[in-house]
Amino acid sequence: MPDDVELIFADHAGRFYARQYGFPPMAGRLLGYLIVCDPPQQTIAELAEVLMASRSAITGALKLLEAYQLVKRSRGVGERVDHYNIDPARIEPKGFDATIYQEQAALMREGLTLLPDDASVRRAVLQELAQLADFLSERLPQLADEWRVHRDALCAAGKLPDTGLPGFQK
C-alpha cells in the first residue's frame, strides 16, 4: 500500500498537469503515482484501488498517457493482465521540439496573408507570434544541447545519477 506522501504527490501532479497541460486530473494523478510507486509496474486493478478511482477512469487516463508515450504497457509470458509503468526511454525533454514552433510560425504567417493591409492590433499580434515562434525554433536546439552538457556535468559531479536513458542523450 502506498504512503500518504505518495498519494499527496500524485494529487499535486494531477493538479499541475491539469493546470499546465490540460490533462484530466486523473491522468495527472496517475502519472504522478507511476513516477513514485513501488513496484514500478502496476495493473489497472492495483491503480484503481490505490487511487480510489474506477477501473474505467484509470483505463481512460492510461490511454491518454499511452498516446503521449509517457507510459508503457507490458505483459509477462503466461500472464493474463497488463502492467503499466513510466516509460524511461520516453522521459525526454519534449519541450525542446522546435518543429512545433516552426509550424506555429508558418501558421501565423498564413494569418498575416489574410490581413495584408491591416494596421490593427490583429496584424501586430500575428507578427509578434510569428517572430516569437521563429526565435524559439532557433534557440530550442541550442538549449537542448546546453542541457545535455549541463546534465553530463551533473552526472560527473555525482549530483545526478547517470541513467543512460536514451531520451536524454544525443
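Tutor: Start with exposure: a residue is buried under 20% relative accessible area, exposed over 50%, and partly exposed in between, using a 1.4 Å probe and protein chains only. This is a predicted model, where local features need pLDDT of at least 70, side-chain atom pairs count only at pLDDT 80 or more, and totals for chains, interfaces and linings use all residues. Residues are numbered from 1 along each chain as its sequence is written, and side-chain values use heavy atoms, with hydrogens and water left out.

Student: What does the protein average in pLDDT?

Tutor: The average is 89, and 91% of the residues score at least 70. pLDDT is the predictor's confidence in each residue, from 0 to 100.

Student: Where is the pLDDT below 50?

Tutor: Over residues 166–170. That stretch still has 16 contacts in the model beyond near neighbours in sequence. A contact means heavy atoms within 4.5 Å. Where pLDDT is low, the predicted coordinates should not be read in detail.

Student: New topic. How many residues are in the largest nonpolar core?

Tutor: It has 24 residues. Leu 30, Tyr 33, Leu 34, Leu 51, Ile 58, Leu 62 and Leu 65 have the most contacts inside it. A nonpolar core is a set of buried Ala, Val, Leu, Ile, Met, Phe, Trp, Tyr and Cys residues joined through side-chain atoms within 4.5 Å.

Student: Which elements give two or more residues to this core?

Tutor: Helices H1 (4–21), H2 (25–36), H3 (44–50) and H4 (55–67), plus strand E2 (83–86). H2 gives the most, with 6 residues.

Student: And what does Ile 58 touch?

Tutor: Leaving out residues up to four places away in sequence, Ile 58 touches Met 26, Leu 30, Ile 44, Leu 47, Ala 48, Leu 51 and Ala 53. There is also a second, separate core of 5 residues, including Met 108, Leu 112, Leu 115 and Ala 130.

Student: Let's look at H1. Which of its residues are buried?

Tutor: Glu 6, Leu 7, Ala 10, Ala 13 and Gly 14. They cover an arc of only 115° around the axis, so they sit on the same side of H1. The arc is that of the directions from the helix axis to the C-beta atoms. An α-helix has 3.6 residues a turn, so residues three or four places apart point the same way.

Student: What do those buried residues pack against?

Tutor: H2 and H3. The face turned away from the buried side carries the exposed residues Asp 4, Val 5 and Arg 19.

Student: Now the backbone. Which residues does a cis peptide bond join?

Tutor: Asp 38 and Pro 39, with omega about 5°. Pro 39 is in the loop between H2 and H3. Most residues other than glycine have a negative phi, and most peptide bonds are trans.

Student: What is phi for Met 52?

Tutor: Near 50°, a positive value in a residue other than glycine. Met 52 is in the loop between H3 and H4 and is exposed at 68%.

Student: And Gln 69? What is its phi?

Tutor: Near 60°, a positive value in a residue other than glycine. Gln 69 is in the loop between H4 and strand E1 (71–74). At 37% relative accessibility, Gln 69 counts as partly exposed.

Conventions:
Helix = DSSP H or I, 4+ residues; strand = E, 2+ residues; numbered from the N terminus.
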